[in-house]
Amino acid sequence: MEVIMDTTRHYKNHFKDYSIAVSHNIIETNSAMIHDEFKSLLTLEIKKLMKILKENEKKWYNNDDYSVYTGSAGIAFTLYHYGKYYNDSTYIKTATDILRKCSTDFKSKHKITFLTGVVGPLALVAVILYTQGKKEEMEQLIFKLKSFSTYVLNKHNDVPDELLYGKAGYLAGLLYVNANISPAPIEADFIKKIISYIIKSGISYSSSNCCQSPLMYSWHQKEYIGGAHGLTGILYLLLQARHYLTQEQIDNYLKPSLYYLQKLQFSSGNFPSSLGNSSDKLVQWCHGAPGISILFCLAYKIFEDNTFLDTAIHCGEVIWERGLLKKGYSICHGVAGNGYTFLYLFQQTKDIKYLYRACKFAEWCFDYGSHQNRYPDRPFSLFEGLAGVIYFLLDVQQSHLAKFPTYNI
């Protein structure tokens, strides 16, 4: 298969790659930490961007979008992240108020995912209420969250499997609640039922379409590969739910699917957006190397198979080369989301080259709005706009703890 490379989607990366000489005021080489000088710059830019976000508060609520993905719940999640990092209770209170409104005013009960549905606001508010000791209200929200399982598990509803709109997105909400509330309030058997349904769906599709991977999924008649709609996002959630899986499910379905996925990598380090697509063009979290690199970092951490780390590192090279996207700065399909890859590679390898690269992508975001040929539809949102960039810059400051929001539970 001839691979067609598209070089028109990114700016040429003029940043010098890591060396001690070029990183002296960015990285503390001895401690593998960010230099105080660069940390001050990060703080300055975060405060500046937060000021812009707050000045546009009236625009957050346009279109009655209450989702984490493009709506006010995602902006609230950033305010909460900011409030926790800077120990500012005002932001935490504002975030809580917004998320409460999102969880009650959400229009469609059938949007059952963390990112695009009411599940996101419900899960986020439940966790915040837990931290505030409001147990009764928290339990009511979790009861509501669990009630959606009847819709998710109803085969006549034709719920897809993927992360953005499907069953994996519902699983993300359940896992988030159990990861952040102790003792875990959602029963293991409840979560196992959702997982089993996702795995059976993947086996059934793979079998009836003679796929080489034991798990395969389709969305809108395409077998997508990436984080948002494809096999990668589903596998990433299943790996994070591994304590609820049987050894047979891991050995016979998850691991072989990872090995299959590896074979799809282009020589550039990137991946196709869907099976049978020879175009090597999308280097972004939702489709392409960034989301897949994060998956293989986790796979290496769990299984200690060096080939998984090799795959993740190979992804990192194409992201460094072609990850400064003309599309913009967002975490879904922009520079901030691509920058997360380097934080994961740093966490996994402890190689400060990757911390340096994350800092350079953060530096690119300091000029927010200057380098983009597309204005986002939801310019202040978590996944398409400014809130996501702020979230990323906060995570660069605490690189050892960084987590891609709602993808890494």
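Student: Which residues does W285 touch, leaving out those up to four places away in sequence?

Tutor: W285 touches L115, L163, G227, A228, P290, G291, I331, C332, N338, F383, F404 and Y407. Keep in mind that this is a predicted model.

Student: Which residues have the most contacts inside the largest nonpolar core?

Tutor: They are L171, W285 and L393, in a core of 146 residues. Helix α15 (residues 352–365) gives the largest share of this core, 10 residues.

Student: How many residues of α15 are buried?

Tutor: Buried means under 20% relative accessible area. In α15, 12 of the 14 residues are buried, and the helix is mostly covered. Among the buried ones are Y354, R357, K360 and W364. The elements that cover them include β2 (27–28), β3 (33–34), α1 (36–55), α13, α14 and α16.

Student: What distance does α15 reach from its first C-alpha to its last?

Tutor: The 14 residues of α15 reach 20 Å, close to the 20 Å expected at 1.5 Å a residue.

Student: Why is helix α10 described as largely enclosed by the rest of the structure?

Tutor: Count its buried residues. In α10 (residues 231–240), 10 of the 10 residues are buried, so the helix is largely enclosed by the rest of the structure. The buried residues include L231, G233, Y236 and Q240. What covers them includes α8 (167–180), α9 (188–208), α11 (247–262), α12 (289–303) and α14 (335–349).

Student: Where is M216, and is this residue buried or exposed?

Tutor: M216 is in the loop between α9 and α10. M216 is buried, with a relative accessible area of 0%. Leaving aside neighbours within four places in sequence, M216 is in contact with S201, G202, Y205, S206, C211, E223, L231, Y260 and L275. Take Y205 as one of these: M216 and Y205 are 11 residues apart in sequence, and their C-alpha atoms are 6.1 Å apart in space.

Student: How many disulfides does the structure hold?

Tutor: A disulfide is a covalent bond between the sulfur atoms of two cysteines. This structure holds 0 disulfides.

Student: How many aromatic pairs does the structure hold?

Tutor: The structure holds 30 aromatic pairs. To read a pair, look at the distance between ring centres and the angle between ring planes. F77 and Y391 form a tilted pair, 5.4 Å centre to centre with 50° between the planes. This pair links distant parts of the chain, with F77 in helix α3 (residues 72–85) and Y391 in helix α16 (residues 386–397), 314 residues apart. F77 is buried at 7% relative accessible area, and Y391 is buried at 6%.

Student: Why is the pair of F296 and F308 tilted?

Tutor: The ring centres of F296 and F308 are 5.6 Å apart and the planes are at 50°, so the pair is tilted. F296 lies in helix α12 and F308 in helix α13 (residues 306–322), so the pair ties together parts that are 12 residues apart in sequence. F296 counts as buried at 0% relative accessibility, and F308 is buried with a relative accessible area of 0%.

Student: Which residues do ring pairs link into a cluster?

Tutor: The cluster is made of Y69, Y236, W285, Y340, F383, F392, F404 and Y407.

Student: Which ring does the charged end of K146 sit over?

Tutor: The charged end of K146 sits over the ring of F190, 5.3 Å from its centre. In another example, K326 lies over the face of Y11, at 5.9 Å from the ring centre.

Student: Where is the backbone worth checking?

Tutor: Start with the peptide bond from S182 to P183, which is cis, with omega near -5°. P183 lies in the loop between α8 and α9. Then look at phi. For C210, phi is near 50°, a positive value in a residue other than glycine. C210 is in the loop between α9 and α10 and is exposed, with a relative accessible area of 71%. T406 also has a positive phi, near 70°. T406 is in the segment after α16 and counts as buried at 5% relative accessibility.

Terms used
Residues are numbered from 1 along each chain as its sequence is written. This is a predicted model: local features need pLDDT of at least 70, side-chain atom pairs count only at pLDDT 80 or more; totals for chains, interfaces and linings use all residues. Side-chain values use heavy atoms; hydrogens and water are left out. Buried means under 20% relative accessible area, exposed over 50%, partly exposed in between (1.4 Å probe, protein chains only). Helices (H or I, at least four residues) and strands (E, at least two) are DSSP runs, numbered from the N terminus. Contact means heavy atoms within 4.5 Å. A nonpolar core is a set of buried Ala, Val, Leu, Ile, Met, Phe, Trp, Tyr and Cys residues joined through side-chain atoms within 4.5 Å. A disulfide is a pair of cysteine sulfur atoms within 2.5 Å. Rings of Phe, Tyr and Trp (its six-membered ring) pair if their centres lie within 6.5 Å; planes under 30 degrees apart count as stacked, over 60 as edge-to-face and the rest as tilted. A charge sits over a ring if NZ of Lys or CZ of Arg is within 6 Å of the ring centre and within 35 degrees of the ring normal. The expected span of a helix is 1.5 Å times one less than its number of residues.
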